[in-house]
Amino acid sequence: MTIRILKPGLQTTIQSRPRSGLRHLGVPSSGAADPLSMALANRLVGNASLESALEATLTGVTLAFDAKSTIAITGATARCTLNGTAVEQHATIAVGPGDVVAVGAAENGVRSYVAFAGGLLADDVLGSPSTYLTAGFGGHEGRALEKGDELQLADTAANAPSMETPADYRPPMLGAWTVRAGASCETMNLKEPQRLFDQKFTIASRSDRMGIMLEGETFAIESDRQMPSAPLFPGHIQCPHDGSLYVMSVDSGTTGGYPRVAKIARMDLHLLGQLRPGNSLTLIERSDDDAARELQEKHAYWQAWLPDIACVI
Amino acid sequence: MRSAGDDLLSVSVADPQTAQRMAADLRESGGWTEAVAGVDSVVVRFDIANILRADAENRLSNAAANISAPAERQQVVVEIPVVYGGESGPDFAFVCEKLGLSGMELIEIHCGEYTVDMLGFTPGFAYIGGLDDRLVIDRLEHPRQHIPAGSVGIAGGRTGLYSLPGPGGWPLIGRTDRLLFDAASDEPFTLVAGATVIFTAVDDS
């Protein structure tokens, strides 16, 4: 069974579980930028939530198959086709020899996920098969897929019955997003921190798997802005010298020397993968205690469809 | 102790060496999904779906009060040959002018023995402390979008060794051809926190 890449799109990578416990060596988590959508695709084809799958960016991806398999497409809303005929997202797609599946350009959201029954074979480096482009390791030769690349399944015997995601478990892809965050500053004092939470930011075009730049008002810090390098995590919002805001994502550096003014709550980190340049973003303030309670509520909601949700979000 | 986010706690520590020892203690004791040292802080991430914040705070307080003693001096000694200036160090002339030093003086002051304070930023990037007071300079106002692997920068009293190509904000004074990170190797990291680094000047050829 070989999956051949006919059109790789803007940036298609193999992603899987995040790397863990290596940030002290400078190794970021990587993994799906929207792990919830990846988990939903894997769920349909009978895989564990964080099994290796494809993450396509903005312009989709086109694949050719040479044997029978079952796949599913989730994430950004996009027109998807099997041999030119429209097929549904959030439903299993049975493919056979000679079939071509095209994931179209993202209409809303940024990243589409394609999961394959049995998962994809990928380079397991430093504890995960997830691609980390900056250092060029993991996934398929540590890089984004190119035309002509051939991928293999990890388990060729896997089979999945026909299935679709229940309507209540299809995350809406929006143009205006709200995410929950805490203003708890680690070291620096933000002047007028409340301004973080009463305005709409716009997602800037300088946004990728490392971070997302926010356009809108700028902020002042009550200090000389020089701080010693400190540990940095996905969801941290840094405020560099020009006063703009930069949200760290899955491939962000593990330490940083700019003041961090807030952190997106763990339960909403998966939304970062779908914030599209031009979309609006509003931060909703949550205390640390409320963020923990609401995470547990979110887990309870998703558990009925994704039993291993606690390793996803 | 401070919150650094809904699932993050941060404690201040005296110096990078203490931060490294405390973070290593925390990784060994388990119960954290990450325990990372900064220059003067340690940040832990914990599973807020299963661990109460108050319990995590208590455990972190205990760890901060019982940091293990300094171990025997690390035996890792790594020589880093550096080509200073020219294309290898695009900010060399700017740094000399800013610090009021001749090129020879800058090289002479920078060469020598140092200790790695920590790794971070990207895999294998090394923060190396103990820079001479005469070499203290700020980060660049506008970070570069792309610099080569092996670039040697200085900022804020430290040398930064870029293990990978990519963006970088430190003024660059030179470059080494020593491989600092190799994902395919059994031991991907050339340097570790606490390692001794010796910078030596070499010719371009």
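1. In this predicted model, the two domains of chain A touch through 25 residues of domain 1 and 19 residues of domain 2. On the side of domain 1 of chain A that meets domain 2 of chain A, α1 (35–44) and β8 (100–116) of chain A each provide at least two residues. The largest share of that side, four residues, belongs to α1(A). Sorted by class, the side of domain 1 of chain A that touches domain 2 of chain A holds 14 nonpolar, seven polar and four charged residues.

2. The domains themselves are assigned as residues 2–169 for domain 1 of chain A and residues 176–311 for domain 2 of chain A. Their C-alpha centres are 26 Å apart.

3. Within chain A, strand β5 (residues 69–82) deserves attention. This strand is mostly covered, with ten of its 14 residues buried. With β8(A), the pairing is antiparallel and comprises ten bridges; here T77(A) has N108(A) as its bridge partner. With strand β7 (residues 92–95) of chain A, β5(A) forms four bridges, again in the antiparallel sense, and S69(A) is partnered by V95(A). With strand β6 (residues 85–87) of chain A, there are three bridges and the strands run antiparallel; C80(A) stands opposite V87(A) in this pair.

4. L126(A) is placed in the loop between β8 and β9 (150–152) of chain A. Is L126(A) buried or partly exposed? L126(A) counts as partly exposed because it has 19 C-beta neighbours inside 10 Å, whereas a buried residue needs 20 or more.

5. The contact between the chains draws 35 residues from chain A and 35 residues from chain B. On the side of chain A that touches chain B, β13 (230–231) and α2 (288–303) of chain A each contribute at least two residues. The largest share of this side, seven residues, comes from α2(A). The side of chain A that touches chain B consists, by class, of 14 nonpolar, 15 polar and six charged residues.

6. Turning to chain B, its secondary structure comprises four helices and 13 strands. The C-alpha trace of chain B spans about 55 × 35 × 30 Å along its principal axes. Of the 205 residues of chain B, 45% count as buried. Among contacts in chain B with a separation of 6 or more, 61% join residues 24 or more positions apart.

7. What is the order of the seven strands that close into a barrel in chain B? The order is β5-β12-β9-β10-β7-β6-β13 (chain B), and the pairing is mixed. From one strand to the next, the twist averages 40 degrees. Strand β5 (residues 77–84) of chain B and strand β13 (residues 196–201) of chain B run parallel and are joined by six bridges. In this pair, P81(B) stands opposite T200(B) of β13(B).

8. Helix α1 (residues 16–29) of chain B agrees in length with expectation: at 1.5 Å a residue its 14 residues should span 20 Å, and its end C-alpha atoms are 20 Å apart. The buried residues of α1(B) are P16(B), A19(B), Q20(B), R21(B), M22(B), A23(B) and L26(B). An α-helix has 3.6 residues a turn, so residues three or four places apart point the same way. The buried residues of α1(B) pack against β3 (34–37), β4 (41–45), α2 (53–65) and β6 (112–119) of chain B. Just after α1(B), G30(B) takes a positive phi of about 75 degrees.

9. A further backbone point in chain B concerns F121(B), a residue other than glycine whose phi is positive, near 75 degrees. F121(B) lies in the loop between β6 and β7 (126–128) of chain B. F121(B) counts as buried because it has 25 C-beta neighbours inside 10 Å.

Note on methods: Residues numbered from 1 in each chain as written. Chains lettered and ligands numbered in written order. Predicted model: local features only at pLDDT ≥ 70, side-chain atom pairs only at ≥ 80, totals over all residues. Contact = placed C-beta atoms within 7 Å. Nonpolar A, V, L, I, M, F, W, Y, C, P; charged D, E, K, R; others polar. Domains from an automatic or database assignment. Pairing = 2+ DSSP bridges. Axes fitted to C-alpha atoms, helices over the stretch in contact; angles between N-to-C directions. Buried ≥ 20, exposed ≤ 12 C-beta atoms within 10 Å, placed from the backbone. Expected span 1.5 Å × (residues − 1).
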